[in-house]
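User: I'd like to learn how to read a fold from its coordinates. Can you walk me through one, feature by feature?

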Amino acid sequence: MPMTAIYDNIGVGYARQRKPDFRIARTIHDALGDARSVLNVGAGTGSYEPDDRKVTALEPSAEMIRQRPSGSAKAYQASAEAMPFAEDRFDAAMAVLTVHHWSNLEAGLSEMRRVAKGRLVILTFDPESPYFWLADYIPEIIAIDQPIMPKLEAFEQILGPCEVKTVPVPHDCTDGFLGAYWRRPHAYLDPQVRASISTFAKLDNIADALARLEQDLASGDWQARHGHLMELDNLDVGYRLVTAQPISKKE
């Protein structure tokens with residue numbers, strides 16, 4: 001299914017489950033440095049857009065644009081691979097948990113580089129990091145991620161030198177992406193939670209896996225294997241912030 005169609009589908013109610021986490025937001029905003037104008041690529045409903053800068057949003061899904069709150073940044077409906085902006089239009093560009101949805105990573109990153117004269121800040125997932133316990137119940141998650149999640153070295157190959165920073169996920173993360181509920185296993189049993197996670201839109205026939213998780217939670221088996229997580233405030237579940245510094249552009 002085309003990604004625009006997936007988000008036109010799962011986007012219904014997305015804003016309720018995917019509220020930006022202030023700790024992750026601070027990490028992203030700090031990485032933007034002193035940029036005053038920022039393009040948010042794959043902007044969705046506007047999560048993580050800084051409110052102290054001039055932001056422009058780019059989003060392919062009409063449903064996601066519809067859910068952007070009143071007063072949020074102006075949104076253009078277009079793809080990362082073909083941006084309707086002039087060269088060096090923005091001081092910086094950001095992309096939050098979106099690059100794995102693009103049809104062409106190199107084209108999208110090259111467009112970010114073309115339209116932004118400063119830093120590029122990208123929140124992504126490292127497919128080579130260890131998967132957390134949910135993959136024990138639904139191993140298909142790994143099979144979905146591996147072909148679409150860019151390896152970290154791909155960013156440097158396309159953009160030049162990049163800084164990569166681990167972004168630990170707080171135990172009470174308010175943004176309901178796939179790894180957000182590592183310490184709240186019951187959340188994955190909630191169909192409304194799953195409905196706002198794109199990975200679940202690609203999974204078929206996981207009723208048995210969910211039933212096994214529910215049974216293990218009821219019996220205490222999950223707690224026996226993973227109870228140590230309840231003592232942690234944050235966990236590295238593979239999310240990374242990639243920051244590419246500006247480069248000299250040819251005249």
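**Reading a strand from both sides**

Analyst: Let's start with strand 4, which is covered on both faces: Ala 92, Met 94 and Val 96 are buried on one side, and Ala 93 and Ala 95 are buried on the other. Keep in mind that this is a predicted model.

User: Why do those residues split into two sets, and how enclosed is strand 4?

Analyst: The general idea is that side chains in a regular strand alternate between the two faces of the sheet. Here, five of the five residues of strand 4 are buried, so the strand is largely enclosed by the rest of the structure.

User: Which strands does strand 4 pair with?

Analyst: Strand 1 is joined to strand 4 by four bridges, and the two run parallel. In that pairing, Asn 40 has Met 94 as its bridge partner. Strand 5 is also parallel to strand 4, again with four bridges between them. There, Ala 93 is partnered by Leu 120. To get from strand 4 to strand 5 the chain passes through helix 5, and this β-α-β crossover is right-handed.

User: Let's stay with helix 5, then. Which of the residues of helix 5 are buried, and what covers them?

Analyst: The buried residues of helix 5 are Leu 105, Gly 108, Leu 109, Glu 111, Met 112, Arg 113 and Val 115. Their cover includes strand 1 (37–41), strand 4 (92–96), strand 5 (120–125), helix 8 (152–159) and strand 9 (239–244).

User: Charged residues next. How do I read a salt bridge inside a helix?

Analyst: Start with spacing. An α-helix has 3.6 residues a turn, so residues three or four places apart point the same way. In this model, Arg 114 and Glu 111 are three residues apart in helix 5 (residues 105–115), about one turn of the helix. Their side chains meet in a salt bridge at 2.6 Å, N to O. Glu 111 is buried at 13% relative accessibility, while Arg 114 is partly exposed at 26%.

User: How many salt bridges are there in the whole structure?

Analyst: A search of the whole structure turns up 10. One of them links Asp 21 to Arg 23, with the closest N and O atoms 2.6 Å apart. Asp 21 is buried, with a relative accessible area of 0%, whereas Arg 23 is partly exposed at 23%. Another pairs Asp 52 with Arg 53, and its closest N and O atoms are 3.5 Å apart.

User: What about the nonpolar side? How many residues does the largest nonpolar core have?

Analyst: As background, nonpolar side chains in soluble globular proteins tend to be buried together. The largest nonpolar core here has 50 residues, and those with the most contacts inside it are Ile 28, Trp 133, Leu 134, Ile 138, Phe 200 and Tyr 239. Several elements each supply at least two residues of this core, including helix 3 (22–31), strand 4, strand 5, helix 11 (207–219) and strand 9. There is also a second, separate core of 26 residues, with Met 83, Trp 102, Val 115 and Ala 154 among them.

User: Which residues does Tyr 239 touch?

Analyst: Leaving out residues up to four places away in sequence, its contacts include Leu 97, Thr 124, Phe 125, Lys 165, Val 169 and Phe 177.

Notes. Residues numbered from 1 in each chain as written. Predicted model: local features only at pLDDT ≥ 70, side-chain atom pairs only at ≥ 80, totals over all residues. Heavy atoms only, no water. Salt bridge = Lys/Arg side-chain N within 4 Å of Asp/Glu carboxyl O. Buried < 20%, exposed > 50% of the residue type's maximum accessible area, 1.4 Å probe, protein only. Contact = heavy atoms within 4.5 Å. Core = buried A, V, L, I, M, F, W, Y, C linked by side-chain atoms within 4.5 Å. Pairing = 2+ DSSP bridges. Right-handed = clockwise from strand over helix to strand, strands pointing away.
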